[in-house]
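Let's take a friendly walk through this model, with an eye on its charged pairs, a helix and a sheet. Have the structure open as you read.

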Amino acid sequence: MNKLDALRYFSVASETLNFRETAQRLAVSPQVVTRMIAELENLLGERLFQRNTRSIKLTEFGEQFLPQAQQLLADSERLFSSQKINDKAMQGIVRITLPPMPYNDQVLYELLTALEPYPNLVIDWRVSLDKLKTIDDQIDIGLRVCLEPEQDWIAHHIFTLQEKIVAAPKLLQRLGTPESLQDLALNYPLSGLINPKLKRIWHWQINTQQHFIPTHPKFLASDMYSELQSALVGRTCSQLVDILCQPYIDQGKLVELFPEVEKQKWQLYLYRPYQSVVSERVLFVFEKLKTILQNIVKRIEMEKSE
């Protein structure tokens, strides 16, 4: 058993809590995941997961062991990434797709800074709500907001996002606070986010049971940043992800509506399509992006706790 591989399997399994999904991410069979976890448990002399026919969860020992395993994996990545990369291998294009998100500029700045020693490496950076196809568009690496990763991805979970419904205080002073989601949908000015492929607005996905399409939107946009501005000036109520609107809620510039209603949660994944042969430059950029994103998430969490 390769101990670092075993720790990597354990780390991914602790994220998914599903051995089949873990196998999909690592591009192996579920039997390999089961065997690797069992061998690691035998080596440690402790159970890492409690398993039954419906679900798995970390044991108390597994919860305590997880941060140690993640730290060791991070240390090993830093150790090997510090070695000199073959300059010839770091030539060519790496195509990256991602949605419009806060911190995109920061991520790109830090990535290009890290790649300064490799001037012959070309980054094709595509920010779009369109889901570019890995084969047709020759995508090497992507960031995607979705419920779960696709089966042909090798994916790393970055962040959990949650929708919030917000409005400016002056809009609520003028119209009052909506009494229900139905009241909001029928009687309040709403913004609509345009689906670039279908050329129509996305429905408001409140949660798995509740959703609606704004029938008479008062503001249309192709990105959430524009929707945010519409909400800030008091033109519309808008549905935005928390990472975008929470600072304005904290400042009192926006008010969250229906905070007691369960809202849709989305997952942000860094992924690359599974391929039997992957170039060294793609692997290098993927690991750099993963480290940059992890550090940004840590900073966000520290700011929330302050």
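K290 is buried, with a relative accessible area of 10% (buried means under 20% relative accessible area, exposed over 50%, and partly exposed in between, with a 1.4 Å probe and protein chains only). Its partner in a salt bridge is E287, at 3.4 Å from N to O; the term stands for a side-chain nitrogen of Lys or Arg within 4 Å of a carboxyl oxygen of Asp or Glu. E287 is partly exposed, at 30%. An α-helix has 3.6 residues a turn, so residues three or four places apart point the same way.

Before going further, a word on the source: this is a predicted model, in which local features need pLDDT of at least 70 and side-chain atom pairs count only at pLDDT 80 or more, while totals for chains, interfaces and linings use all residues. Residues are numbered from 1 along each chain as its sequence is written, and side-chain values use heavy atoms, leaving out hydrogens and water.

The whole structure holds 10 salt bridges, including these:

| Pair | N to O distance | Relative accessibility |
|---|---|---|
| R35 and E39 | 3.6 Å | R35 46%, E39 31% |
| R47 and E41 | 3.6 Å | R47 46%, E41 5% |

R35 and E39 lie four residues apart in helix 3 (residues 30–44), about one helical turn. E41 is buried, whereas R47 is partly exposed; both join R51 in a network of salt bridges.

Now to helix 1, residues 3–16: its 14 residues reach 20 Å from first C-alpha to last, close to the 20 Å expected at 1.5 Å a residue (1.5 Å times one less than the number of residues). Helices here are DSSP runs of H or I with at least four residues, and strands are E runs of at least two, numbered from the N terminus. Among the buried residues of helix 1 are Y9 and V12. Both are in contact with L26 (heavy atoms within 4.5 Å), a residue of helix 2 (residues 19–26). L26 itself is partly exposed, at 22%.

Finally, the sheet: three strands form an open, mixed sheet in the order 8-7-11, where pairing takes at least two DSSP bridges between strands. Strand 8 (200–201) and strand 11 (219–221) are the edges, each pairing on one side only. Strand 7 (residues 191–195) runs parallel to strand 11, joined by three bridges, and S191 stands opposite F219.
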